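I opened the notebook to record what I looked up in this structure, entry by entry. The sequence and the model come before the notes.

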Amino acid sequence: MPKNPAPDLLQGTLDALVLKVLALGPQHGWGIAQRIQQISDSELRVQQGSLYPALARLEANGWITGEWGTSENNRRARFYQLTTAGGHQLARETEDWLRLSAAVHRVLTHG
Amino acid sequence: MALWHRLLHRTKDLLARARRERDLDEEIRFHIESATESYRERGLSEPEARRAALVDFGGPDAAKEGVRDAWAFALLAELATDVRLALRGLRKRPAYAATVIVTVLLATGAAGAIFSALWAVIYRPLPYRDDGQLLLVQYTQRGSTDTLGLSPPEVADFQAGSRSLDGLSEYHNMNFTLLGHGEPRRVRTGVVSANYFDLLGVRPLLGRDFVAGDDAAAARPVLLLSYRFWRDELGGDPALVGADFTMNDKTHTVIGVLPPLPPAPDENDVYMPVAACPFRSGEHWAHSRVARGLVVVARLRAGFDAKTATADLELLTRRLAKSYPDAYPERLGLRPRLVPVRESMTAAARPTLWLLAAAALTVVLLVCANLLNLTLAQLARRESELALRLSVGASRGRIARQLATEGAVLALIGGGCGMLFGLASRSLLAGFLVRLTPRASEIRFDLLTVGFVLGLSLLIGLAIGLVPALRRQRSLLAALRADGATATVGGRSTRTRDALVVLQVASSCVLLIGAGLLLRSLWNLERVQPGFRHPDVLTLAAPMNWTKYGKDDVRLAYSERLLQHLRGVPGVEAVALADNYPLSADGLWNRRVAIGKTAPDPAAPGPTADFRTVSPEYFDTVGIPLLAGRQLQASDRDAEHAVALINATFAHQLFGERDPLGQLVTFGGGTTAWTIVGVVADVHQRALGEAVQPEIYAPIALRGGGASTVLVRARSAAALVPALRAAIRAVDPEQPILDIRTLEEARAASLAAPRAVAALLGIAATLALVIAATGLAGILAYSLGQRQREFGIRIALGSTRLGIARLVLGRTGGLVGSGLVLGLAVALFTARGLSSMLFGLAASDPQTYATVVAVLAVSATVACLPALRRAITTAPSLALRAL
């Protein structure tokens, strides 16, 4: 059963997370959702339905590409893969996020 | 902007959408099933696991919506990017963009103008109801191409007796004076039966149409105003409906105003019913069965076609001939004929219009070929840029779409400007066509034409955008594989460009030959001597009022007074009366003629001649030299000893070597035997391009006493017009005076059509030549540029400059040669269609063809000189360094 509701993820953040997951290797949609949960120690639970629009957006921007393949249990699934451009985008977004969070951290822990 | 682009995508989208939806479905299903399985592994039952998975997922429908939104947004974003990139790319290559825009502009503008003309004249229905069913009813006679109208009793008979025609209506036109509401005006009046406009399906703009009652003998005369006359001459005042005007000493009440109509059968200012026309209702005309001057319009009854209707009328004619044999003499061989109204209005213009359409099509093809070549060359230049984009991850389809967008954007800009160009040339075209068809006034640059121009530009954009994109794959790979500088001499890329060059040369060849033939024909026509010595002679139409001057001697006295008054005008050197002036083919009488006292059988084949009526001063006034015998004199008025002059052609054709002087000739259907007292030189009475007919000139004294054309020779005749008018009015204040022009103007008018066609085609051909030559130069520059290294190597290895030149010229020569051969073949085949427009030369005139080949060869040589020079002067070291 899901734990207490996780913090809401902004659209842009979701994009970055997906990119990061794919940087670790090609994955299908379900797999991406699992990975995000796994790596974040279950802190982040993606609203799985919002995953697919995100994937479509990322694909349209050319940051990921999708291809049909076979899953671990021999079922047809669509696998996504990070592109070079996607890699650059990920780096940009990571940097932005870190800067932003550091700034917020400074403000919140001031005084 | 790129409408087509969006359209193409929409279609592709629709097809791909179904598949994508299915894929999305499957993907989401996989996700949910995987989630369900993972819950089941944790021990939940199947339904519980599934519910948990769905809760985790959220709504699959919402997800799908989100994905669809993302797709749509991506599409729009891509399109916007495409257009933006396209514009940016074009700004970087202004020369290329400008060339494309200008050539598309010219091609689409010209094509648009010609399309609008074709549509308006040939395809658009007339502004009449069911115009396909409207027919003109005429009579043809044996041995003559002139058609006759119907006589008033015949109209009534046909109306009553024909089963196949629904309503017959008559028309003729006259000139009357309109008095009241301002100064007296001379108005062209259409005299029509009361049902005329109803038959045509024309409803008045204001007021009412004629009704049957208006045509009754004792009816109060009424008038319908034409739209143009009402608006331009009378100020467009609606209060004029109901106003009274005086015409022919009768009060006419205006009952309505007509909508704008094509000027057919003639351009009329006002219309009146038959009963109101003093001539038509006069004894002489109203009951004469042989006065066949009425234009008759009829409607085909439902269920009948023209052939059945004609047969029906033939039967009727035969019945009438039995009842009134005098009116249907066997010798005339009268046969009824039905001509669709639309055909009669457009037949003269059709050949010219089709010619112009063919020329426009050729130019468009040429422009497309040229642009295609240009674009291919541009593309090759951008290969490295595109290869890079490919490597960075852009899909081929994406790049193809971008190229297509560029093409479409350029073409649409060109098309937009082309519309303005087309608008401007529309009035030129209409002005030229007005001589050939009354429908010229209907030519408009309307929405349909706009659509055509846009469609054409899109098509061109498609061609230049897609085709290069389609064949891109190989060259890209080659560019990536090698170092990008490999010269591809053979192979598909050059083949396409070569074929395009050949096509361009061929199209220019065809157009040049067409233009050349027409120009030479025009030149021949211009050199034809019309036969008269005084081209500045002024002619005026002064139609004689036959009822007013009822008898021959009265008319003769009037004519003589007229001539006397005119001679009295200071500055006038000579005056004459005649039935017609030279180069006017209206109303010529062409009859069977025979030597001797016996009239020939008009039905039997044999020589014919134009029967002319002139005052004795005619030949001196116009400047036709006397070749033998004597001139006509005022004293030649004895009907017992009728004398006449003949022209040289008559003498030659009917008398050969014999002396015609003193011989007698008689006309078919006539009783007078004319004694020939003189021979005059030939004059082109009909068109300059037609052979001179045998003509016989009889004095007016023996031919009714009057004639309707006044000819005046004076130093500055144009300045004398007011004085001449005054002189005529002094003899008869009501004498209408119209159509004032000089003989030179008549000659120019007869050449107007061939001049215009030759000019138009000449422009098209020159355009084609310029486009083809620059296209050739451009392609050569590019392809030789590619081969710089090769030339450098060749020179380094010992090839002479001559050798390089031979190589280049050989290749160019091959292309141009093939283009010429193709062009000549096509031209020979299609020029036959021009034969009817040519005068003095055949459609396969070798001189013209040879000249065109020479011109093209020279142009091609000039075009390849810059590239050749660069190839020859390639410094081997520079070229090799490029390695």
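**Conventions.** I note that the model is predicted, that local features need pLDDT of at least 70 and side-chain atom pairs count only at pLDDT 80 or more, while totals for chains, interfaces and linings use all residues. Residues are numbered from 1 along each chain as its sequence is written, chains are lettered from A and ligands numbered from 1 in the order in which they are written, and side-chain values use heavy atoms, with hydrogens and water left out.

**Chain A.** I looked up the secondary structure, taking helices (H or I, at least four residues) and strands (E, at least two) as DSSP runs numbered from the N terminus. Chain A has four helices and three strands, and along the sequence they follow the pattern α-β-α-α-β-β-α. For burial I used relative accessible area, with buried meaning under 20%, exposed over 50% and partly exposed in between (1.4 Å probe, protein chains only). On that scale 37% of the 111 residues in chain A are buried. With a contact defined as heavy atoms within 4.5 Å, I find that 47% of the contacts in chain A between residues at least 6 apart in sequence join residues at least 24 apart. The accessible surface of chain A, about 6700 Å², is 54% carbon and sulfur; such areas come from the Shrake-Rupley method with a 1.4 Å probe, and for residues only the protein chains shown count as cover.

**Chain B.** I count 25 helices and 22 strands here, and 51% of the 883 residues are buried. Among contacts in chain B between residues at least 6 apart in sequence, the share joining residues at least 24 apart is 80%. The accessible surface comes to about 39800 Å², and carbon and sulfur atoms hold 59% of that area.

**Between the chains.** Salt bridges came next, each being a side-chain nitrogen of Lys or Arg within 4 Å of a carboxyl oxygen of Asp or Glu. Side chains of opposite charge can pair when their charged atoms come close. Over all chains, the search of the whole structure returns 38 salt bridges. One of the pairs I looked up is A:Arg76 with B:Glu26, whose closest N and O atoms are 3.0 Å apart. A:Arg76 belongs to strand β3 (residues 76–82) of chain A and B:Glu26 to helix α1 (residues 3–41) of chain B, so this pair joins two chains. I find A:Arg76 partly exposed at 41% relative accessible area, and B:Glu26 partly exposed at 22%.

**Around helix α5 of chain B.** Which residues of helix α5 (residues 152–161) are buried? They are B:Pro152, B:Pro153, B:Glu154, B:Val155 and B:Phe158, and their cover includes β1 (134–140), β3 (165–178), α8 (283–286), β10 (295–300) and α9 (306–323) of chain B. Since B:Arg289 sits in the loop between α8 and β10, the pair ties together parts that are 132 residues apart in sequence. B:Asp157 is partly exposed at 22%, whereas B:Arg289 is buried at 13%. B:His287 lies in the loop between α8 and β10 as well and is exposed, at 58%; its C-alpha atom is 9.5 Å from that of B:Glu154, although 133 residues separate the two along the chain.

**Further salt bridges in chain B.** B:Asp636 and B:Arg630 meet through their side chains in a salt bridge of 3.0 Å, N to O, with B:Asp636 buried at 11% and B:Arg630 partly exposed at 28%. I also noted a network in which salt bridges that share partners join B:Glu526, B:Glu744, B:Arg747 and B:Arg755.

**Positive phi.** Most residues other than glycine have a negative phi, and most peptide bonds are trans. A:Asn74 has a positive phi near 60 degrees; this residue lies in the loop between β2 (64–70) and β3 of chain A. B:Leu583 has a positive phi of about 70 degrees and lies in the loop between β13 (572–578) and β14 (589–595) of chain B. Are these two residues buried or exposed? A:Asn74 is exposed at 66%, whereas B:Leu583 is buried at 10%.
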